[in-house]
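Okay, thanks everyone, I'll keep this short. Let me put the structure up and then walk through a few spots on it.

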Amino acid sequence: MAITYKESGVNINEGYKTVDLIKNHAKKTLNNFVLNNLGSFAGMMQLPKGYKEPILVSGTDGVGTKIAIACKYKKYDTVGIDCVAMCVNDVLCHGAQPLFFLDYIACGKLDAQVAADLVKGVSEGCLQSNSSLIGGETAEMPGFYAPGDYDLAGFSVGIVDKDKIINGKDIKPTDVLIGITSSGLHSNGFSLVRKAIKNMDEDFMGQPIWKYLLTPTKIYVNTIQKLMKKVTIKGMAHITGGGFIENTPRMFQPNANLTAVINKNSYPLPKIYEVLHSKGIEYDHMYNTFNMGIGFIICVDKNDVSKTLAEIKAIGDEAYEIGYIKEGNEKICLK
C-alpha cells in the first residue's frame, strides 16, 4: 500500500494556499531595490546608492514562548511584529538601517490562515522598520510540533557606511545614558511570565492580562535613524533577554575599562512589574530578565543630553536620562 506525504501529516495543498495568502502581505513591503519576485529560490536586493563603503550588518532572533500565548488565544497577527523588532533593533545598535528580512515559521499542522496572520505581523514590522520582506520558509513538522503549535523566527540584514558604524569606541567616563521607553515586556522572559501568571484572563488595567502581554515589541528604527542626523550617538543597547545587566555593557568595546551606572528611580516603573513581583518574582531577578520599561539605551556626550531628549520627544517617543558612564571594570551598576 502506497504512503502519501499527506498521510504522514504534511498537507502540500495547505502549503500552496499559505504561499498565496502570504504573498499579499509581503508585497506591501517591497521597494525598488528588490530585484526579483516572491517565490524565487532566493531573494535579491540591490544595495542603495549613496554609501561610500557600505557594510552589511545582520541579526537573527525569534519570538520565544510569547507565541504560546498567541496560540492559546488564537491571536496571531501581532507576534510577527515582535519577530521583526527583535532582529532590526539589534541591527540598529550599530547604526545600520535595516534593508531586508526573512522569516521562518514551524508548526505541527499547517493552517494557511494562521500562517498568513503571522506573516501579516511580520509585514507590519517590516513596514515600521523600512525593510523589505523578500523571502521565508514555512515548515510543517508533524510528530515534532503538536497540532496548534507554531514557532516564529527571523533574520535581518541592514546597511551602514563603514565610517558611521557605532561600536562604542568613543564612549568615555561622564557620558550619559538615555533610555527610550518600551511598549511592554517586548519578547523576552515569557517562560517566567507564563509560570508566574496562572490565570491569563485576570484583569490588568481593564483588560485580560494576556492581551497586554501580546503588546508588540517597539521598533526603534524610525526614532534612532532620525536622531542620528541631529546628535552624535556613541553607543546603543537593545534591552532584551538579560535586561540591563547583560545588554547595557554590550555597547562597550572589548576590554574597555568602563561601567554603566543606571539609576532605577530615574523613570516610572510600569505597573506590570508590580504584578510580577506580587506573583513571586524578585525585582533583582527581573532586572536580569526583563527590559523594566526601557527597551533601548543610547549613550551620548553630557553636553548633548538636553538636545537628545528634546529630539526624541519631537519625534514622538518617550525617553529619560537614566544613568552615566564611569571608569572601572564593573561593566554595570544598578542603584
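So, to start: which residue's backbone oxygen lies 3.3 Å from a polar atom of the side chain of Asn247? It's Thr240. Bear in mind throughout that this is a predicted model.

Let's stay with Asn247 for a moment. You'll find Asn247 in helix α8, which covers residues 243-247. Its relative accessible area is 2%, and because buried means under 20%, Asn247 counts as buried. On the side-chain side, Asn247 also makes a polar contact with the side chain of Arg250, at 2.9 Å. And if you leave out residues up to four places away in sequence, Asn247 touches Ala237, His238, Ile239, Thr240, Gly241 and Gly242.

Okay, salt bridges. The count here is 12, and I'll pick out a few.

Take Lys52 and Asp163: they form a salt bridge, with the closest N and O atoms 3.1 Å apart. This pair links distant parts of the chain, 111 residues apart. Lys52 sits in the loop between α1 and β1, and Asp163 in the loop between β4 and β5. Both Lys52 and Asp163 are exposed.

Next up, Asp317 and Lys218. Their side chains meet in a salt bridge at 2.8 Å, N to O. Again, distant parts of the chain are linked, this time 99 residues apart: Asp317 is in the loop between α11 and β11, Lys218 in the loop between α6 and α7. Are these two buried or exposed? Asp317 has a relative accessible area of 15%, so it is buried, and Lys218, at 19%, is buried as well. There's also a network, where salt bridges that share partners join Lys172, Asp175, Lys234 and Asp301.

One more pair: Asp170 and Lys169, whose side chains meet in a salt bridge at 3.2 Å, N to O. Here Asp170 is partly exposed, at 45% relative accessible area, while Lys169 comes in at 52% and is exposed.

Last stop, the surface. Which residues form a nonpolar patch there? Tyr5, Ile12 and Tyr16, with about 350 Å² of accessible area together. Tyr16 belongs to helix α1, residues 12-27. With a relative accessibility of 55%, Tyr16 is counted as exposed.

That's my tour, happy to go back to any of these spots.

Conventions
Residues numbered from 1 in each chain as written. Predicted model: local features only at pLDDT ≥ 70, side-chain atom pairs only at ≥ 80, totals over all residues. Heavy atoms only, no water. Patch = residues over 30% accessible without salt bridge, like charges linked within 9 Å, V, L, I, M, F, W, Y side chains within 5 Å. Areas by Shrake-Rupley, 256 points an atom, 1.4 Å probe, with all protein chains shown as cover. Salt bridge = Lys/Arg side-chain N within 4 Å of Asp/Glu carboxyl O. Helix = DSSP H or I, 4+ residues; strand = E, 2+ residues; numbered from the N terminus. Buried < 20%, exposed > 50% of the residue type's maximum accessible area, 1.4 Å probe, protein only. Polar contact = N/O pair within 3.5 Å; in protein donor to acceptor, adjacent residues only side chain to side chain. Contact = heavy atoms within 4.5 Å.
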